[in-house]
Amino acid sequence: MTDLNNLLDHVKAPEPSELLKARILQQAKAQRASETVSKNKTLSAANDNHWKRWAGLAAMAIILGVVGLTTFTPVQTSEEDVWAEAAQNMGYEDLYAWVEGDVVEGPAGDETSYPL
Amino acid sequence: MAKTDPDMDLLPGLREGDETALARLMDRHLKTVTAIGYYMLGDASLAEDVAQTTFLKLWQTAPKWEAGRATLLTWMRRVATNDCLDRLRKKGPIYLDHVPDRADDTETALEELEKNDMIAAVRHALASLPDTQKAAITLSYYQQVSQKEGAAILDQSVKAYESLLSRARKNLKATLSLLYNETVG
(Lines give C-alpha, C1' and ligand atoms only; values in the text may rest on other atoms or scores of the structure.)
Protein backbone atom coordinates (compact mmCIF):
# COMPACT_ATOMS: atom_id res chain seq x y z
CA MET A 1 0.00 0.00 0.00
CA THR A 2 1.38 3.38 -1.03
CA ASP A 3 1.27 6.11 1.52
CA LEU A 4 -0.56 9.27 0.45
CA ASN A 5 1.92 11.53 2.21
CA ASN A 6 4.80 9.94 0.30
CA LEU A 7 3.00 10.64 -2.93
CA LEU A 8 2.19 14.22 -1.96
CA ASP A 9 5.86 14.78 -1.18
CA HIS A 10 6.74 14.25 -4.81
CA VAL A 11 5.12 17.55 -5.78
CA LYS A 12 7.39 20.36 -4.67
CA ALA A 13 6.85 24.06 -5.19
CA PRO A 14 9.76 25.67 -7.05
CA GLU A 15 11.77 28.53 -5.62
CA PRO A 16 10.40 31.97 -6.52
CA SER A 17 12.30 33.62 -9.37
CA GLU A 18 15.02 36.10 -8.47
CA LEU A 19 13.12 38.87 -10.19
CA LEU A 20 9.97 38.48 -8.11
CA LYS A 21 11.33 40.22 -5.02
CA ALA A 22 12.69 43.10 -7.11
CA ARG A 23 9.39 43.41 -8.94
CA ILE A 24 7.41 43.63 -5.71
CA LEU A 25 9.78 46.22 -4.23
CA GLN A 26 9.52 48.30 -7.38
CA GLN A 27 5.72 48.23 -7.23
CA ALA A 28 5.77 49.08 -3.54
CA LYS A 29 8.03 52.06 -4.18
CA ALA A 30 5.75 53.29 -6.97
CA GLN A 31 2.70 52.98 -4.72
CA ARG A 32 4.35 55.00 -1.99
CA ALA A 33 5.40 57.69 -4.46
CA SER A 34 1.87 58.07 -5.83
CA GLU A 35 0.44 58.20 -2.29
CA THR A 36 2.92 60.95 -1.40
CA VAL A 37 1.94 62.99 -4.45
CA SER A 38 -1.74 62.69 -3.52
CA LYS A 39 -1.08 63.87 0.03
CA ASN A 40 1.00 66.86 -1.14
CA LYS A 41 -1.74 68.22 -3.37
CA THR A 42 -3.02 71.62 -2.15
CA LEU A 43 -6.35 71.18 -0.52
CA SER A 44 -8.93 73.90 -0.41
CA ALA A 45 -9.89 75.22 3.02
CA ALA A 46 -12.74 73.45 4.72
CA ASN A 47 -14.84 76.61 4.68
CA ASP A 48 -14.00 77.57 1.14
CA ASN A 49 -17.11 78.03 -0.91
CA HIS A 50 -16.51 77.65 -4.62
CA TRP A 51 -19.29 80.08 -5.29
CA LYS A 52 -17.05 82.78 -3.87
CA ARG A 53 -14.77 82.40 -6.85
CA TRP A 54 -17.59 82.94 -9.27
CA ALA A 55 -19.15 85.79 -7.27
CA GLY A 56 -16.34 88.16 -8.27
CA LEU A 57 -16.75 87.34 -11.94
CA ALA A 58 -20.51 87.75 -11.71
CA ALA A 59 -20.14 91.16 -10.06
CA MET A 60 -17.75 92.27 -12.80
CA ALA A 61 -20.16 91.14 -15.48
CA ILE A 62 -23.03 93.03 -13.85
CA ILE A 63 -20.97 96.20 -13.57
CA LEU A 64 -19.91 95.99 -17.19
CA GLY A 65 -23.49 95.41 -18.21
CA VAL A 66 -24.72 98.41 -16.30
CA VAL A 67 -21.95 100.60 -17.68
CA GLY A 68 -22.69 99.41 -21.16
CA LEU A 69 -26.38 100.10 -20.88
CA THR A 70 -25.94 103.58 -19.46
CA THR A 71 -23.37 104.68 -22.01
CA PHE A 72 -25.14 103.24 -24.96
CA THR A 73 -26.95 106.01 -26.85
CA PRO A 74 -28.89 104.76 -29.81
CA VAL A 75 -28.66 107.06 -32.82
CA GLN A 76 -31.94 108.76 -33.66
CA THR A 77 -32.15 108.57 -37.41
CA SER A 78 -35.02 109.40 -39.58
CA GLU A 79 -36.22 107.05 -42.20
CA GLU A 80 -34.96 109.40 -44.85
CA ASP A 81 -31.49 109.39 -43.45
CA VAL A 82 -31.52 105.62 -43.42
CA TRP A 83 -32.53 105.43 -47.03
CA ALA A 84 -29.97 108.10 -47.97
CA GLU A 85 -27.18 106.20 -46.32
CA ALA A 86 -28.20 102.99 -47.95
CA ALA A 87 -28.35 104.66 -51.35
CA GLN A 88 -24.93 106.18 -50.84
CA ASN A 89 -23.49 102.89 -49.93
CA MET A 90 -24.94 101.26 -52.98
CA GLY A 91 -23.77 104.08 -55.22
CA TYR A 92 -27.29 105.30 -55.97
CA GLU A 93 -26.71 108.71 -54.53
CA ASP A 94 -27.49 110.53 -57.70
CA LEU A 95 -30.50 108.37 -58.51
CA TYR A 96 -31.89 109.02 -55.13
CA ALA A 97 -31.48 112.71 -55.51
CA TRP A 98 -33.29 112.50 -58.88
CA VAL A 99 -36.15 110.56 -57.36
CA GLU A 100 -36.50 113.10 -54.65
CA GLY A 101 -36.66 115.93 -57.16
CA ASP A 102 -33.17 117.29 -56.98
CA VAL A 103 -31.49 118.51 -60.08
CA VAL A 104 -29.42 115.88 -61.73
CA GLU A 105 -27.11 116.44 -64.55
CA GLY A 106 -28.32 114.48 -67.46
CA PRO A 107 -26.44 113.52 -70.57
CA ALA A 108 -24.71 116.39 -72.39
CA GLY A 109 -25.29 118.84 -69.62
CA ASP A 110 -29.05 118.58 -69.79
CA GLU A 111 -30.27 120.15 -66.63
CA THR A 112 -33.77 118.96 -66.16
CA SER A 113 -35.74 118.62 -63.09
CA TYR A 114 -38.33 116.04 -62.88
CA PRO A 115 -40.69 116.95 -60.16
CA LEU A 116 -42.70 114.13 -58.60
CA MET B 1 -3.57 34.67 24.77
CA ALA B 2 -2.67 36.07 21.38
CA LYS B 3 0.07 34.25 19.52
CA THR B 4 3.27 36.26 19.44
CA ASP B 5 4.05 37.44 15.93
CA PRO B 6 7.63 36.58 15.03
CA ASP B 7 7.54 39.34 12.39
CA MET B 8 6.53 42.05 14.87
CA ASP B 9 10.01 43.54 14.62
CA LEU B 10 9.30 44.51 11.01
CA LEU B 11 5.94 46.13 11.68
CA PRO B 12 7.22 49.63 12.61
CA GLY B 13 9.21 49.77 9.38
CA LEU B 14 6.29 48.49 7.32
CA ARG B 15 3.99 51.08 8.89
CA GLU B 16 6.41 53.84 7.94
CA GLY B 17 6.75 52.62 4.39
CA ASP B 18 10.30 51.39 4.84
CA GLU B 19 11.08 49.21 1.83
CA THR B 20 13.89 47.52 3.72
CA ALA B 21 11.34 46.08 6.12
CA LEU B 22 9.32 44.77 3.18
CA ALA B 23 12.44 43.23 1.66
CA ARG B 24 13.25 41.46 4.93
CA LEU B 25 9.68 40.20 5.21
CA MET B 26 9.99 38.74 1.73
CA ASP B 27 13.27 37.09 2.65
CA ARG B 28 11.39 35.31 5.40
CA HIS B 29 8.13 34.40 3.70
CA LEU B 30 8.17 34.91 -0.07
CA LYS B 31 8.80 31.22 -0.73
CA THR B 32 6.03 30.15 1.67
CA VAL B 33 3.45 32.49 0.16
CA THR B 34 4.43 31.62 -3.41
CA ALA B 35 4.10 27.93 -2.58
CA ILE B 36 0.43 28.42 -1.66
CA GLY B 37 -0.20 29.70 -5.16
CA TYR B 38 1.75 26.86 -6.72
CA TYR B 39 -0.07 24.04 -4.91
CA MET B 40 -3.47 25.57 -5.47
CA LEU B 41 -3.06 26.79 -9.04
CA GLY B 42 -0.40 24.41 -10.33
CA ASP B 43 1.53 27.09 -12.18
CA ALA B 44 4.70 28.85 -11.02
CA SER B 45 4.01 32.07 -12.89
CA LEU B 46 0.50 32.40 -11.46
CA ALA B 47 1.89 31.56 -8.04
CA GLU B 48 4.27 34.52 -8.33
CA ASP B 49 1.36 36.78 -9.29
CA VAL B 50 -0.47 35.66 -6.16
CA ALA B 51 2.61 36.34 -4.03
CA GLN B 52 3.04 39.79 -5.55
CA THR B 53 -0.61 40.67 -4.90
CA THR B 54 -0.33 39.42 -1.32
CA PHE B 55 2.78 41.36 -0.38
CA LEU B 56 1.53 44.55 -1.99
CA LYS B 57 -1.77 44.24 -0.13
CA LEU B 58 0.18 43.95 3.10
CA TRP B 59 2.24 46.97 2.11
CA GLN B 60 -0.93 49.01 1.64
CA THR B 61 -2.54 47.72 4.83
CA ALA B 62 0.51 47.99 7.10
CA PRO B 63 -0.10 51.57 8.28
CA LYS B 64 -3.47 50.45 9.70
CA TRP B 65 -2.27 47.08 11.03
CA GLU B 66 -3.61 46.20 14.46
CA ALA B 67 -1.13 44.08 16.33
CA GLY B 68 -2.39 41.10 18.32
CA ARG B 69 -5.20 39.97 16.04
CA ALA B 70 -3.30 37.67 13.70
CA THR B 71 0.30 37.19 12.73
CA LEU B 72 1.53 38.76 9.51
CA LEU B 73 2.15 35.33 8.02
CA THR B 74 -1.33 34.04 8.87
CA TRP B 75 -2.81 37.17 7.31
CA MET B 76 -0.72 36.70 4.17
CA ARG B 77 -1.67 33.02 3.94
CA ARG B 78 -5.31 34.03 4.12
CA VAL B 79 -4.93 36.69 1.43
CA ALA B 80 -3.02 34.32 -0.84
CA THR B 81 -5.51 31.48 -0.32
CA ASN B 82 -8.47 33.72 -1.03
CA ASP B 83 -6.76 35.09 -4.13
CA CYS B 84 -6.24 31.53 -5.39
CA LEU B 85 -9.85 30.58 -4.64
CA ASP B 86 -11.05 33.65 -6.57
CA ARG B 87 -8.90 32.75 -9.55
CA LEU B 88 -10.10 29.16 -9.50
CA ARG B 89 -13.73 30.25 -9.34
CA LYS B 90 -13.27 32.60 -12.27
CA LYS B 91 -11.27 30.37 -14.54
CA GLY B 92 -11.58 26.83 -13.25
CA PRO B 93 -8.58 24.56 -12.70
CA ILE B 94 -5.45 26.04 -14.20
CA TYR B 95 -3.10 23.08 -13.93
CA LEU B 96 -0.53 22.96 -16.66
CA ASP B 97 1.41 19.86 -17.55
CA HIS B 98 5.09 20.51 -17.22
CA VAL B 99 7.52 18.29 -19.02
CA PRO B 100 10.51 17.95 -16.71
CA ASP B 101 14.07 17.92 -17.96
CA ARG B 102 15.79 14.74 -18.97
CA ALA B 103 16.92 12.39 -16.17
CA ASP B 104 20.29 12.89 -14.57
CA ASP B 105 22.87 10.13 -14.39
CA THR B 106 21.90 8.93 -10.94
CA GLU B 107 18.56 7.55 -12.06
CA THR B 108 17.72 5.25 -14.87
CA ALA B 109 15.43 6.49 -17.58
CA LEU B 110 12.67 4.17 -16.38
CA GLU B 111 12.87 5.42 -12.81
CA GLU B 112 12.76 8.98 -14.05
CA LEU B 113 9.75 8.16 -16.17
CA GLU B 114 8.03 6.53 -13.21
CA LYS B 115 8.85 9.50 -11.04
CA ASN B 116 7.52 11.92 -13.62
CA ASP B 117 4.39 9.85 -13.97
CA MET B 118 3.95 9.89 -10.23
CA ILE B 119 4.34 13.66 -10.07
CA ALA B 120 1.88 14.09 -12.90
CA ALA B 121 -0.58 11.75 -11.19
CA VAL B 122 -0.39 13.59 -7.88
CA ARG B 123 -0.76 16.94 -9.62
CA HIS B 124 -3.77 15.60 -11.47
CA ALA B 125 -5.28 14.30 -8.24
CA LEU B 126 -4.75 17.65 -6.52
CA ALA B 127 -6.25 19.52 -9.46
CA SER B 128 -9.33 17.33 -9.40
CA LEU B 129 -10.16 18.27 -5.80
CA PRO B 130 -12.87 20.83 -5.07
CA ASP B 131 -11.31 24.24 -4.46
CA THR B 132 -11.77 24.38 -0.69
CA GLN B 133 -10.44 20.83 -0.26
CA LYS B 134 -7.44 21.84 -2.33
CA ALA B 135 -6.93 24.80 0.00
CA ALA B 136 -7.20 22.56 3.08
CA ILE B 137 -4.58 20.11 1.75
CA THR B 138 -2.29 23.01 0.75
CA LEU B 139 -2.52 24.62 4.17
CA SER B 140 -2.37 21.50 6.33
CA TYR B 141 0.06 19.36 4.43
CA TYR B 142 2.23 21.67 2.36
CA GLN B 143 2.15 24.68 4.67
CA GLN B 144 2.06 22.62 7.88
CA VAL B 145 -0.39 24.95 9.57
CA SER B 146 -2.40 23.82 12.56
CA GLN B 147 -6.08 22.89 12.27
CA LYS B 148 -6.95 26.04 14.19
CA GLU B 149 -4.95 28.30 11.88
CA GLY B 150 -6.24 26.52 8.78
CA ALA B 151 -9.82 26.98 9.98
CA ALA B 152 -9.16 30.69 10.64
CA ILE B 153 -7.64 31.16 7.19
CA LEU B 154 -10.62 29.54 5.49
CA ASP B 155 -13.03 31.29 7.83
CA GLN B 156 -14.52 28.02 9.08
CA SER B 157 -14.98 26.30 12.39
CA VAL B 158 -12.26 23.85 13.38
CA LYS B 159 -14.71 20.97 13.06
CA ALA B 160 -15.74 22.02 9.56
CA TYR B 161 -12.09 22.37 8.59
CA GLU B 162 -11.23 18.90 9.92
CA SER B 163 -14.13 17.45 7.96
CA LEU B 164 -12.95 19.28 4.84
CA LEU B 165 -9.44 17.95 5.27
CA SER B 166 -10.69 14.42 5.82
CA ARG B 167 -12.75 14.52 2.61
CA ALA B 168 -9.79 15.94 0.71
CA ARG B 169 -7.51 13.10 1.76
CA LYS B 170 -10.18 10.51 1.00
CA ASN B 171 -10.68 11.92 -2.50
CA LEU B 172 -6.94 12.02 -3.15
CA LYS B 173 -6.54 8.39 -2.11
CA ALA B 174 -9.42 7.33 -4.33
CA THR B 175 -8.07 9.18 -7.37
CA LEU B 176 -4.50 7.99 -6.92
CA SER B 177 -5.59 4.41 -6.26
CA LEU B 178 -7.34 4.44 -9.63
CA LEU B 179 -4.29 5.89 -11.36
CA TYR B 180 -1.88 3.43 -9.78
CA ASN B 181 -4.20 0.48 -9.80
CA GLU B 182 -3.23 -0.13 -6.22
CA THR B 183 -4.57 1.01 -2.90
CA VAL B 184 -3.25 4.29 -1.64
CA GLY B 185 -3.49 4.69 2.13
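This is a predicted model: local features need pLDDT of at least 70, side-chain atom pairs count only at pLDDT 80 or more; totals for chains, interfaces and linings use all residues.
Which side chains meet in a salt bridge at 2.6 Å, N to O? Select Asp27(B) and Lys21(A): their side chains form this pair.

**Stop 1: the interface of chain B and chain A**

Keep both chains displayed. The count of salt bridges between chain B and chain A is three. Polar contacts across this interface involve twelve residue pairs, with both residues at pLDDT 80 or more. On the chain B side, the elements that each give two or more residues are helix H2 (19-41), H3, helix H5 (109-127), helix H6 (131-142) and helix H8 (158-180). Colour H2(B) separately, as this helix provides the largest share of that side, eleven residues. By residue class, the side of chain B that touches chain A divides into 24 nonpolar, six polar and ten charged residues.

Next, select the whole contact, to which chain B gives 40 residues and chain A gives 26 residues. Between them the two chains bury about 3,100 Å², with 65% of this area on carbon and sulfur atoms. Now highlight Glu48(B), Gln52(B) and Tyr141(B): these supply 18% of the area that chain B buries against chain A, more than any other three residues.

**Stop 2: Glu48(B)**

Centre the view on Glu48(B), which is located in helix H3 (residues 44-61) of chain B. Is Glu48(B) buried or exposed? Its relative accessibility is 11%, below the 20% cut-off, and therefore Glu48(B) counts as buried.

Display its surroundings. Apart from residues up to four places away in sequence, Glu48(B) touches Pro16(A), Ser17(A), Leu20(A), Arg23(A) and Thr34(B). For Ser17(A), inspect the backbone nitrogen, which lies 2.7 Å from a polar atom of the Glu48(B) side chain. For Thr34(B), compare C-alpha positions: Thr34(B) and Glu48(B) are 14 residues apart along the chain, yet their C-alpha atoms are separated by 5.7 Å.

**Stop 3: the largest nonpolar core**

In soluble globular proteins, nonpolar side chains tend to be buried together. Here, the largest nonpolar core has 62 residues. Select Leu14(B), Phe55(B) and Ile137(B), the residues with the most contacts inside this core. H2(B) gives the core its largest share, twelve residues.

Finish at Leu14(B). Setting aside neighbours within four places in sequence, Leu14(B) is in contact with Ala21(B), Leu22(B), Leu25(B), Trp59(B), Ala62(B) and Leu72(B), and also with Arg32(A) of the partner chain.

Terms used:
Residues are numbered from 1 along each chain as its sequence is written. Chains are lettered from A and ligands numbered from 1 in the order in which they are written. Side-chain values use heavy atoms; hydrogens and water are left out. Helices (H or I, at least four residues) and strands (E, at least two) are DSSP runs, numbered from the N terminus. Buried means under 20% relative accessible area, exposed over 50%, partly exposed in between (1.4 Å probe, protein chains only). Contact means heavy atoms within 4.5 Å. A polar contact is a pair of N or O atoms within 3.5 Å; within protein, one must be able to donate a hydrogen and the other to accept it, and residues adjacent in sequence count only if both atoms are side-chain atoms. Buried area is the accessible area (1.4 Å probe) that two parts lose on being put together, summed over both. A salt bridge is a side-chain nitrogen of Lys or Arg within 4 Å of a carboxyl oxygen of Asp or Glu. Ala, Val, Leu, Ile, Met, Phe, Trp, Tyr, Cys and Pro count as nonpolar, Asp, Glu, Lys and Arg as charged, and the others, Gly among them, as polar. A nonpolar core is a set of buried Ala, Val, Leu, Ile, Met, Phe, Trp, Tyr and Cys residues joined through side-chain atoms within 4.5 Å.
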